[in-house]
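Colleague: I would like to learn how to read the features of a two-part protein model. Please take me through them one at a time.

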Amino acid sequence: MKTIIEPFRIKSVEPIRFTSKEERIKILENAGYNPFLIHADDVLIDLLTDSGTSAMSAKQWAGMMDGDESYAGSRSFYKFEETVRKITGDKYIIPTHQGRAAEKILFFIVGGEGKFIPNNTHFDTTRANIEFTNAEAVDLLVEIGKHPEQRADFKGNMDVDALEKFIIEKGSENIPLVMITITNNSGGGQPVSMQNIREVKQICSKYGLPLFLDACRFAENAYFIKMREKGYKDKSIPEICREMFSYADGATMSAKKDALVNIGGFLSLNDDELAMKCRNMLIVTEGFPTYGGLAGRDLEAVAQGLEEVMDEHYLQYRIRSTEYLGEKMIDAGIPIIEPPGGHAIYIDAKRFLPDVLPDKYPGQSIVCELYIEGGVRAVEIGSLMFGKYDKKTGRLISPPMELVRLAIPRRVYTQSHIDYVAEVIIEVFKNRDKLSGYEILYEAPILRHFTARFKKLS
Ligand code: F0G
């Protein structure tokens, strides 16, 4: 087989600024050893997130120029609505400025004290929006999804038996909806199978519950289904997407991922009454229903991006380039969540740095070293991001996994950038004996990872 190439030519480029290792040591020290506090200009390869970091196509930029900025009834809205509806098949398409705005509107209406929302794994903004209403966000991931070193095709699946037990235990009247996140971001970018979506839908139907998809990375999930699930090899990506959404009663979407844009999102639904409530809420918090917190030009870019993301050459390149980085790391003996996910590689920091205990933030230690060694910015997903203090003892309660995420922006970096990233990580891995833990000097009461400052322990 020939090399899988980037399925595009580059028309517009953005220079990246080189820094020396000595400069980076100083920059990181000034940022309190928190790469969130570094100027992006001081980063060489930015793998902090795949969200809102995509390169747009010439056609998307042309669409931006063609955007209709009318307050009500904009032509761009109808184009957007038609494109989204072709994918989700839903009656009501409600634009929002990003994914969490769709979540906020939905859960403000269906959430509240005494309610439970199951998911394979809630993303942190989804969880936060649910908990903000005093409802409970519950993760029901299949067991294998919790074991980084074990390989399986669909480690993002929901545990269907656990879901049924949960519904019986809590009572279906206390569960306004069930959600599935495709792909499962917090669990390593792992896909969910069509069979699993179908089975979850069957359970939902049995108990009269609606099923919603958190559809941020729906096209990447569809490609995994095509590659890995029996019966889908000869189906087109749009066909697979339509089938996935056919089992759902609605969806929330951050267009900043699989719509290949820098801002945008939507809520897609079928229920007349729920849609009316959501639209009313939208008018209060986002904007009129035909723009919902976005400019007409943004709606154009989303509509075009949604078409482009389902192109099979694009998806082959996308999934392969993530896997390519993963393979280089596995070959070098670096512990990662296996198999590689769709949008990111997740380093298993517990196995990378077994001597740095969770309360000394092993993931943060790796993140800092990747920056110093090569100007690569990654993000800790472990005790720093999800750790909570025990109310009685004040001791840190760590999450099950200590991870470092290297998220790959869409259509932004070339194969040689990725080769360079692999070289940097391998170098850090070779010198891992020299890495030490960190202590927090300052932290905010919520979402502390964004602004915390650290001291390097010797
Ligand atoms: N759901 C999932 C699965 C996500 O990954 C994200 C964002 C959201 C919802 C919220 O969307 O940012 O548009 O409000 N994930 C980004 C990330 C931030 O880096 O993984 P948003």
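Modeller: Start with the separation: the centres of domain 1 and domain 2, taken over C-alpha atoms, are 27 Å apart. The contact draws 26 residues from domain 1 and 32 residues from domain 2. Contact here means heavy atoms within 4.5 Å. This is a predicted model, where local features need pLDDT of at least 70 and side-chain atom pairs count only at pLDDT 80 or more, while totals for chains, interfaces and linings use all residues. Residues are numbered from 1 along each chain as its sequence is written, and side-chain values use heavy atoms, with hydrogens and water left out.

Colleague: Which residues make up domain 1 and domain 2?

Modeller: Domain bounds come from an automatic or database domain assignment. Here domain 1 is 21-50 + 311-456, and domain 2 is 58-308.

Colleague: What is the area buried between domain 1 and domain 2?

Modeller: Buried area is the accessible area (1.4 Å probe) that two parts lose on being put together, summed over both. For domain 1 and domain 2 the figure is about 2,400 Å². Carbon and sulfur atoms give 54% of that area.

Colleague: How many salt bridges cross the interface of domain 1 and domain 2?

Modeller: The rule asks for a side-chain nitrogen of Lys or Arg within 4 Å of a carboxyl oxygen of Asp or Glu. It finds 7 across this interface. A search of the whole structure gives 32. Asp50 and Arg217 pair through their side chains, at 2.9 Å from N to O. Another salt bridge joins Arg85 to Glu81, with the closest N and O atoms 3.1 Å apart. Both residues sit in helix H3 (residues 75-88), 4 residues apart, about one turn of the helix.

Colleague: How many residue pairs are in polar contact between domain 1 and domain 2?

Modeller: A polar contact is a pair of N or O atoms within 3.5 Å; within protein, one must be able to donate a hydrogen and the other to accept it, and residues adjacent in sequence count only if both atoms are side-chain atoms. The count is 16 residue pairs, both partners at pLDDT 80 or more. On the side of domain 1 that touches domain 2, the elements giving two or more residues are helix H12 (312-331), strand E9 (344-348) and helix H15 (383-386). H12 gives the most, with 7 residues. Helices (H or I, at least four residues) and strands (E, at least two) are DSSP runs, numbered from the N terminus.

Colleague: At what angle do the axes of helix H1 and helix H14 cross?

Modeller: Axes are lines fitted to C-alpha atoms, for helices over the stretch in contact, and angles run from 0 to 180 degrees between N-to-C directions. H1 (residues 21-30) and H14 (residues 362-374) cross at roughly 145°, and their axes come within 7 Å. Among the residues that meet are Ile25 and Leu28 in H1, and Tyr371 and Ile372 in H14.
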